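Please look through the sequence and the structure shown here before reading on, and keep both in view while you work through the report.

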Amino acid sequence: MHQPEVIDPWGRAVIEVDQGRRFHAEALPLDLEQLDADVQWALQIRLELPDKQRVETRVLRLRGQLAEVIESGVIDKDDPTLGGLFATAHRLISHPVPPGQMSHTDAYEHLRHLGNNARAVAAIYRMRRARANREKGHTA
């Protein structure tokens, strides 16, 4: 009995046979025209980044700000639930390559990692500060 075809993530027809095993359906002639068109479209995509100087400036600022929050002791490096966050922050702050020596894309990626980590650390800082203020009887 022939099972219905399904399509795999790559758009190829797959036939499911006994015991859940799957095999690619008989190969059809490749549509090279469509392949070329899809490749051309994929490779023409361009993402615009802010100019490198602005990215480098933000990298340095975020490194400094993240270092200040980490040095405040808001995250204990020995805390089993937050040790990974601390380690990541420390690695990002201590990145061995100065932003001026990174490629534009690498500086941007480093900035994104710094931003994501700083967001998490700042959220913990805010929560702990609010809790401390509540415990002291303050409201902010």
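The report below moves from the overall layout to salt bridges, a charged patch and some contacts between helices.

## Overall layout

This is a predicted model, and the protein in it has four helices and three strands, which follow one another along the sequence in the pattern β-β-β-α-α-α-α. Of its 140 residues, 21% count as buried, while the protein exposes about 11,100 Å², with carbon and sulfur atoms supplying 55% of that area.

## Two salt bridges

Side chains of opposite charge can pair when their charged atoms come close. The structure holds two salt bridges, and one of them joins Lys-52 and Glu-56, whose closest N and O atoms are 2.6 Å apart. These two residues are separated by about one helical turn, because they stand four residues apart in helix α2. Lys-52 counts as partly exposed, at 23% relative accessibility, whereas Glu-56 counts as buried, at 14%.

In the other salt bridge, the side chains of Asp-79 and Arg-128 meet at 3.9 Å, N to O. This pair links distant parts of the chain, since Asp-79 lies in the loop between α2 and α3 and Arg-128 lies in helix α4 (residues 104-135), 49 residues apart. Asp-79 is buried, because its relative accessible area of 19% falls under the 20% cut-off, while Arg-128, at 32%, counts as partly exposed.

## A patch of negative charge

Which residues gather in a patch of negative charge on the surface? They are Asp-31, Glu-33, Asp-36 and Asp-38. One of these, Glu-33, lies in helix α1 (residues 32-44) and counts as exposed, with a relative accessibility of 70%.

Leu-85 has its place in helix α3 (residues 83-93) and counts as buried, at 19% relative accessibility. Leaving aside residues up to four places away in sequence, Leu-85 touches Ile-75, Asn-117, Ala-120, Val-121 and Ile-124. With Ala-120, the separation is 35 residues in sequence and 8.1 Å in space, taken from C-alpha to C-alpha.

Gly-64, which lies in helix α2 (residues 52-71), is partly exposed, with a relative accessible area of 33%. Gly-64 and Ile-93 are 29 residues apart in sequence, and their C-alpha atoms are 7.6 Å apart in space.

Conventions. Residues are numbered from 1 along each chain as its sequence is written. This is a predicted model: local features need pLDDT of at least 70, side-chain atom pairs count only at pLDDT 80 or more; totals for chains, interfaces and linings use all residues. Side-chain values use heavy atoms; hydrogens and water are left out. Buried means under 20% relative accessible area, exposed over 50%, partly exposed in between (1.4 Å probe, protein chains only). Patches are made of residues with over 30% relative accessible area and no salt bridge: like charges are joined within 9 Å, nonpolar side chains (Val, Leu, Ile, Met, Phe, Trp, Tyr) within 5 Å. Accessible areas come from the Shrake-Rupley method with a 1.4 Å probe; for residues, only the protein chains shown count as cover. A salt bridge is a side-chain nitrogen of Lys or Arg within 4 Å of a carboxyl oxygen of Asp or Glu. Lys and Arg count as positive and Asp and Glu as negative; His and the chain ends are not counted. The place of a charge is taken as NZ of Lys, CZ of Arg, CG of Asp or CD of Glu. Contact means heavy atoms within 4.5 Å.
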